[in-house]
Structure formats: C-alpha cells, structure tokens
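Please look over the structure shown here.

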Amino acid sequence: MRIVVLAGGIGGARFLRGLKSAVPEADITVIGNTGDDIHLFGLKVCPDLDTVMYTLGGGINEDQGWGRTEESFTVKEELAAYGVGPAWFGLGDRDFATHIVRTQMLGAGYPLSAVTEALCDRWRPGVRLLPMSDDRVETHVALSDPETGERRVVHFQEYWVKMRASVDAEAVVPVGAEQAKPAPGVLEAIAAADVILFPPSNPVVSVGTILAVPGIREAVASAEAPVVGLSPIVGGAPVRGMADKVLAAVGVESTAAAVALHYGTGLLDGWLVDTADADAVAEVEAAGITCRAVPLMMTDTATTAEMARAALDLAEASR
C-alpha cells in the first residue's frame, strides 16, 4: 500500500509513528511543511522536517515533542554571553549539528530535497521524507501590537514560540508559496498513492501551507486515491498548540466540523472526529464528506496506531 501523508511537526510526526506501527509494510511518503523554516545564526532551520526525522529515527525529545533527546545548550549559552540572539528560540548542541550540515549542503548547491534525503540516511525514519518545495517559503503573521496598536508582521516562529500566540492573528501568509514549485517527487507520489492522509496537524500553518504551493492542492483534489483527514480539534479546542488563533485569522471556527468544511469536499473524501465530537458527524456528512467518530487522542503509539487504522478503514469505505 502506498500512503502519502501531508505533515507538520509534532502532531504529524506522532501520527506517523502510529501509522508505521499500524501498517509496517506500507510504502509511506511524507510531504513535510517547510513554511515554519527560519534562518538563525546563519543557519537554515527546518523544524517540521527535523521533528518528523528525529521522531521516526528515535532521536526526539519525547517530553517536548521537538528537539533532540539528551540535549545540552552550551552553544546557546555562549551566544547569549556574546549578546547574540534570538534567545527565545532554543537550539541545542546536537540540533545545531543538523542545521550546520544542512546549511553547508545548501551552500554547496544541493536542493533542500537532496539535503533532507542525506540527513535521513543517518536517521533511517522508515518513510520517504520530502519537503513540500525546494524553494524558500516562510509563514508570516500579521497582528496589531497590543501596546501601540500598530499593525506589524512577524515570522511565524516569533508569533508561536516567543509570543505564544498571545495576540490575535489578523492574517497568516505563507510568503513565497505562490512562486514556489513542488519538490521533486511530490506530485508523482500523490498521483501514485493508494491513500492520502491529512494527520491532526495544524490545518492553517502546516497542512494549509503545503496545499498553498501551486500544484499540490490540485494534485490532491484530482488524485484517484481517497483523501482522509483526522481532526486536530477535540471538544472545541486544539489537541496541542494554539491552532484556534490561526484558524480565527482565516475565519474558521475551532470545531471539528468547521475544519472539515474548511478543507472541503474538493479535497476530503473522509473525516475522523473524536468521540467527544460525535454530534459533528451529521454536519460533516451533510456537506458530502464521509465522517466517523473515533478516539483521537494520541496518548501512546498503540492508540495512535488505532487512529491510523480507523483512517485507513474510512479510506477504504470512501472509495
């Protein structure tokens, strides 16, 4: 079975671990979000790609869900001693090595897709990990300064990590997406897929950013494979993070049904909601999307594998 998954960071990575457990023989291609990418200390940092790679490769900090396990922060402390920031984005010493290798390879002329493949040669994630694009795409957030009222735009990482989404987002823009092209292999993987899955990743700044690259949304919409998504909203609140803040910026309520309708029948064939949102099933199905209510809390690999099986079962029923 050939499965394509459009994935963000922590939620996507943990879902993928469950998916691999559920169907260990499947050929899985992951199209990773690169809109969260940022340049820090002269280095190219790809948080979502690295989170998938570390999680599936056994190097993730399980408590955080991001960064390396057994990490130290000597370089960060030394940079701070020199007064070099930003201090709010914590890169560990082991993590720095990944970004140094990536930046050196990019500087030597290798595209991001080739660099990602080379990095995965070490981690052996058991999936084919493709960036959504080799071109530079960075998500920015427009907001009003709470002190001055002045409207300004910040990088998504500053909004998410430094500000903790404490201010309402007025617009979310994947800068560069309109000019970007899908990375080599992305469209081919979608066309050849037996199933396409949207994991419980952020529908705006993760899956939404991937779909913003010209050609990817169209490829998913026209694919012969059924497309099934899993709701990142449970009981009217995000399972993790502050997805409600960016959903509001694009005019979408923080409900399981609203996110399904945001993706729409042009993309989705099936949608899973949590049992807490079973009353949303009728609304989603009225829109023409097959819907089921199952437990969607990724408490461990076994429960996540059950989620993955439910998604694959729904895909089969949606054919």
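## The model

This is a predicted model, where local features need pLDDT of at least 70, side-chain atom pairs count only at pLDDT 80 or more, and totals for chains, interfaces and linings use all residues. Residues are numbered from 1 along each chain as its sequence is written, and side-chain values use heavy atoms, with hydrogens and water left out.

## The largest pocket

A pocket here is an open set of points on a 1 Å grid over the protein atoms alone, where a 1.4 Å probe fits, with protein on both sides within 12 Å along at least five of seven lines. Lining residues have an atom within 4 Å of a point. A volume is the space filled by probe spheres set on the points, which are joined across faces, edges and corners.

The largest pocket has a volume of about 1100 Å³. Its lining has 48 residues, and Gly9, Ile10, Trp66, Trp160 and Arg240 lie nearest its centre. Helix H2 gives the largest share, five residues. Helices are DSSP runs (H or I, at least four residues), numbered from the N terminus.

## The second largest pocket

This pocket has a volume of about 220 Å³. Of its 14 lining residues, Pro203, Val204, Gly208, Thr209 and His262 are the closest to its centre. H8 supplies the largest share, four residues.

## Glu283

Glu283 sits in helix H12 (residues 281-286). Beyond its neighbours within four places in sequence, Glu283 is in contact (heavy atoms within 4.5 Å) with Ala257 and Leu261.

Note on methods
Helices (H or I, at least four residues) and strands (E, at least two) are DSSP runs, numbered from the N terminus.
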